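Dear colleague,

Please read them with the model open beside you.

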Amino acid sequence: MNRYSREQMAERVARDIPEGAYVNLGIGLPTKVANYLPPEREVFLHSENGLLGMGPAPAPGEEDEDLINAGKQPVTLLTGGAYFHHADSFGMMRGGHLDICVLGAFQVAGNGDLANWHTGAPDAIPAVGGAMDLAIGARQVFVMMEHQTKTGESKIVAECSYPLTGVGCVSRIYTDLAVIDVTPEGLRVREMAPGLTLAELQAVTAAPLLPLSPEGDQT
């Protein structure tokens, strides 16, 4: 089964981020999106630890240990970028000032419920952190994740079995197999990996899928 690479997933998400958008990139896989935003497109990247105006990852050897994102990864700061207090950062998140947030997930339900902070494992992180603020505060929530777990279970489910981060908050799902919109009618496939059929995608998805949208394609 053909799958998109993580780099291809990041590039695909970047294509859907419009000029002038204020965007938070969540910890992990979503941080790769910063490397695929065209330099001529003005996008304001936010990090919950108090940064606005992040650029792509620094070149090897040019890292600044005092300039990091919320996942403690080294980042760059574009001209005009700003540092500010953690409380001000959460004020942005909770106040509806972010157009898009891109988050990873353990599960997404057919109605857009999001579970991305806890699986019940004994060594799991102890708290939800800022994910719930982002999930509810951003105007659109994009989820970027592998379609299946390492053991082959679908991460797209009819109903989340893990503790929820947000209810009905997800707008669009990007996986290594497809791009899927969360709509009032259900999960509608927008694009699929080359050579993949809807029947094959449905076979590895634990929630009903609606056919390709009229504006969608398979590239």
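**Aromatic pairs and cores**

Tyr22 has 29% relative accessibility and therefore counts as partly exposed, a class that lies between buried (under 20% relative accessible area) and exposed (over 50%), with a 1.4 Å probe and protein chains only. This is a predicted model, in which local features need pLDDT of at least 70 and side-chain atom pairs count only at pLDDT 80 or more, while totals for chains, interfaces and linings use all residues. Residues are numbered from 1 along each chain as its sequence is written, and side-chain values use heavy atoms, with hydrogens and water left out.

A search of the whole structure gives three aromatic pairs, where rings of Phe, Tyr and Trp (its six-membered ring) pair if their centres lie within 6.5 Å, and planes under 30 degrees apart count as stacked, over 60 as edge-to-face and the rest as tilted. One of them joins Tyr22 and Phe44, whose ring centres are 4.5 Å apart with planes at 15°, so this pair is stacked. Phe44, at 23% relative accessibility, is also partly exposed. Another pair, Phe106 and Tyr162, has centres 6.3 Å apart and planes at 85°, so it is edge-to-face.

As for the interior, a nonpolar core is a set of buried Ala, Val, Leu, Ile, Met, Phe, Trp, Tyr and Cys residues joined through side-chain atoms within 4.5 Å. The largest has 32 residues, and Val108, Leu114, Val170, Ile173, Leu187 and Leu201 touch the most other members. A second, separate core of 26 residues includes Ile17, Leu29, Leu45 and Tyr174.

With best wishes
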